Each structure stands twice: as structure tokens, then as C-alpha cells.
Amino acid sequence: MSLEALARAGRIVSADAGDVAAHELLERAKRLESVALYAEAALGSGPHAAHVRELDRMRRTRNRVEYDEWGGFGAAEIRADLERARAIVAAVEASWPTSS
Amino acid sequence: MRSNAPPLLPLFRSAAQARILASIFLAPEGRGQSLADLARATGTLAGSVHREVERLEAAGLVRSERIGRTRLIQPDTDAPIYDDLRGLITKTLGPAAVLARALAGLPGIDAAAIFGSWAARYRGEPGDAPADVDLLVIGAPDTGAIYAACRASEEELGRPVNATILSHDEWTERDSGFLKTVARGPLVSVVGEVP
């Protein structure tokens, strides 16, 4: 189930909710980790520092949901974080060097 | 060996002593508290509060002011160790007070409480020192404002603050193991009372 679908359904995701199969979570985590590392490097500090802070918080939430019994989040958080993630992706894309 | 020391800061002789110090040092600046206030706030007998306050005043850590028949207690901000002691108390026993200040006035919060390892240690359950503070917020607040308040508190508390924001329905339905675990475990109120 995608995060968007979860948000629409208003479901809570947690480490033991069984909403997403473990292997799927792991694969998604690996992809997210790579994207996060690239985004952090691309955005750095300065005007994009807020994006980096948000990214770090989202990554922390993801880690807690996956590994910590105290991790979870609500549908409103998912919806708001999807918007933040889109803004981060847009900022990363805007920072890519254009070929001439 | 039996110990009554507070798990979050076992440098103190007893949990009651730590609670009294926390209540005095974490009160809004300039707001003195009577012995009765302190007894109520800390769940400690008035006689014990009186004895602790006498010791703290003799040591130059707090000062008293009499208004009519009431003795109001405040931290002595001129004490050489005031900043250090306040920092120690804030970082260990202060998360609920610091977060209450940070969340005050934010619209959409029905209730908020700390759960997880910090709440467990605060309630006297032994265990490892909490690495972070887990905050549960119930209602429909602006998520960005909650995260900003958590970030502002992190610096003062010296450890990450992780917020979980749930609607009233999500909390009452508790359709995940995580939420059931939170509801079963200790909660320390920050805003209102969690239903």
C-alpha cells in the first residue's frame, strides 16, 4: 500500500501494524536512504536548510517506525510530509546542473 | 540496595527532593510558589517540602519572600551554580515543562503528553537513560508548528523530541500495536489530559 493510499485511508502505520510487508518496508527504506543522502548533499545549507531539517526529521521518523517500539505517525502527518517531500524533490531537481 | 533516587537524575537523594527542585526551578520566571503549592505539585507531604526548602535555602539555592502570611519560594538566580543546576534539571526532569511552554497557544491541540522511555523513567521505572523524548499530540494542529516547537525545545533539552500527531479518532480507535503500547504505558501530561 503506498503512503498516499495510506493517507487517503487515514490509517496509522507502525512497526507492527502489518500494513506493509517487512521486505517491502526494507526495500523502501534503502531507496529512501539513498535519496535522502543525495538530497542532503544537494541541498546543503543556506536557503534550503529548512528542507534538510525536514528531511532529517522524516528520516528519523522512518527509522523509529521501523526499529523502535515507540515509532508511529498519523494520517495528517503523512499528508503534510508528502507535500514537504514533494517540495524537497522539486528543490533537488532545481539544483541539478543543466546540460548545455 | 534499595534506592529512592530519581531514575532520570540519581544524583539527588530522593525522587521527592528532585521533584521539589524541578518544581521550583522549572516554574515560569518570577513566579514564586508557596509550600502548599509545592506540596500539591510534587505530591509530597507539606512537612517534607518544608524541610527540603529549608535545606535548599540554607545552601543558597533558593530564596523566600513573604507576602502576608505566605512564604513564596523561587530559585536564587544569583547563586553561582544557578545556571548549571537549572540546566541539569531542565535536561533531565524538564521535558514536560519545556514542551508545555513551547506548545502553549498553538491552536488545534486537544491534548499532548510524553510517552516512551522518558515518561517511564519520570514515573520511576528503572532503565537506560532516554535517548530522546517522545511526544504525543492529539487534535488537528498545524504539523509544521508542532515540529518547530519540538525543534526549539530540543536545544534546551539537549536531546531529540519526536512528535506523533494523531486526530482524536486515530487515538481513540487505536488500530495499531504501537498506539496500544503507548496507551498502556506511562504518559506525562504536557497539555490537557489525554483521553
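This is a predicted model: local features need pLDDT of at least 70, side-chain atom pairs count only at pLDDT 80 or more; totals for chains, interfaces and linings use all residues.
## The three-stranded sheet of chain B

Chain B holds an open sheet of 3 strands, placed in the order S1-S3-S2 with antiparallel pairing. Strand S1 (33-34) and strand S2 (62-67) of chain B each have a single partner strand and stand at the edges, so one side of each lacks a neighbour in the sheet. Between S2(B) and strand S3 (residues 70-75) of chain B the pairing is antiparallel and runs over 6 bridges, and Ile67(B) stands opposite Thr70(B) in S3(B).

Two helices pack on this sheet. Helix H1 (residues 15-25) of chain B touches S1, S2 and S3 of chain B, and its direction makes about 85° with that of S3(B). Helix H3 (residues 46-58) of chain B touches S2 and S3 of chain B, with a direction that makes about 115° with that of S2(B).

## Strand S4 of chain B and its partners

In strand S4 (residues 109-115) of chain B, 5 of the 7 residues are buried, so the strand is largely enclosed by the rest of the structure. S4(B) is joined by 6 bridges to strand S5 (residues 133-139) of chain B, and the two run antiparallel. S4(B) is also joined by 3 bridges to strand S7 (residues 188-191) of chain B, again in an antiparallel arrangement.

Ile114(B) has a bridge partner in each of these strands: Leu135(B) in S5(B) and Val188(B) in S7(B).

## A helix pair in chain B

Helix H5 (residues 95-103) and helix H7 (residues 143-157) of chain B pack at an angle of about 145°, and their axes are 9 Å apart; the crossing of H5(B) and H7(B) is right-handed. On the side of H5(B), the contact is made by Pro95(B), Val98(B), Leu99(B), Ala102(B) and Leu103(B), while H7(B) contributes Ala149(B), Ala152(B), Ser153(B), Glu156(B) and Leu157(B). Taken by class, the contact of H5(B) with H7(B) has 8 nonpolar, 1 polar and 1 charged residues.

## Where chain A meets chain B

The contact between the chains takes 18 residues from chain A and 19 residues from chain B. On the side of chain A that touches chain B, the elements that give two or more residues are helix H3 (49-67), strand S2 (72-73) and helix H4 (75-95) of chain A, and the largest share, 4 residues, comes from H4(A). By class, this side of chain A has 8 nonpolar, 4 polar and 6 charged residues.

Definitions and conventions. Residues are numbered from 1 along each chain as its sequence is written. Chains are lettered from A and ligands numbered from 1 in the order in which they are written. A residue is buried if 20 or more other C-beta atoms lie within 10 Å of its own, exposed if 12 or fewer, and partly exposed in between; C-beta atoms are placed from the backbone. Two strands pair if DSSP finds at least two bridges between them. Axes are lines fitted to C-alpha atoms, for helices over the stretch in contact, and angles run from 0 to 180 degrees between N-to-C directions. A crossing is left-handed if the near helix is turned anticlockwise from the far one by less than a right angle, and right-handed if clockwise. Two residues are in contact if their C-beta atoms, placed from the backbone, lie within 7 Å. Ala, Val, Leu, Ile, Met, Phe, Trp, Tyr, Cys and Pro count as nonpolar, Asp, Glu, Lys and Arg as charged, and the others, Gly among them, as polar.
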